[in-house]
Amino acid sequence: TKESGRLVRVWNHTIELSRVNDTQTIYTDTIDVHAGTKTEWLAGLVSWYFRYRQARLQKLAARLGAEE
């Protein structure tokens, strides 16, 4: 997505899925943010959030894989 707003001038988010084999996929988030003087602070917050999200997605994938 390519978004922007009053506080965040640029928010470009790309999700990439790369097939490894029949049972594995690599999921990559790339975020490009520009928020003026708040960019460094926002980048830290975004990094924390997406690490948290990735951990939850990995748990979900493991749980779904165990159900098969």
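Trp48 and Tyr52 both belong to helix H1, where they sit 4 residues apart, about one turn of the helix; helices (H or I, at least four residues) and strands (E, at least two) are taken as DSSP runs and numbered from the N terminus. The model is a predicted one, in which local features require pLDDT of at least 70 and side-chain atom pairs count only at pLDDT 80 or more, while totals for chains, interfaces and linings use all residues. Residue numbers start from 1 along each chain as its sequence is written, and side-chain values rest on heavy atoms, with hydrogens and water left out.

Over the whole structure, 2 aromatic pairs are found (rings of Phe, Tyr and Trp, the last by its six-membered ring, with centres within 6.5 Å; planes under 30 degrees apart are stacked, over 60 edge-to-face, the rest tilted). Trp48 and Tyr52 form a stacked pair, at 5.7 Å centre to centre and 5 degrees between the planes. Tyr49 and Phe50 form an edge-to-face pair, at 5.1 Å and 85 degrees. Phe50 is buried at 11% relative accessibility, whereas Tyr49 is partly exposed at 39% (buried, under 20% relative accessible area; exposed, over 50%; partly exposed, in between; 1.4 Å probe, protein chains only).

An open sheet is formed by 3 strands in the order S1-S2-S3, with antiparallel pairing (two strands pair if DSSP finds at least two bridges between them). S1 (2-3) and S3 (25-34) are the edge strands, each pairing on one side only. S1 pairs with S2 (residues 10-19) over 2 bridges, and Asn12 in S2 is the bridge partner of Lys2.
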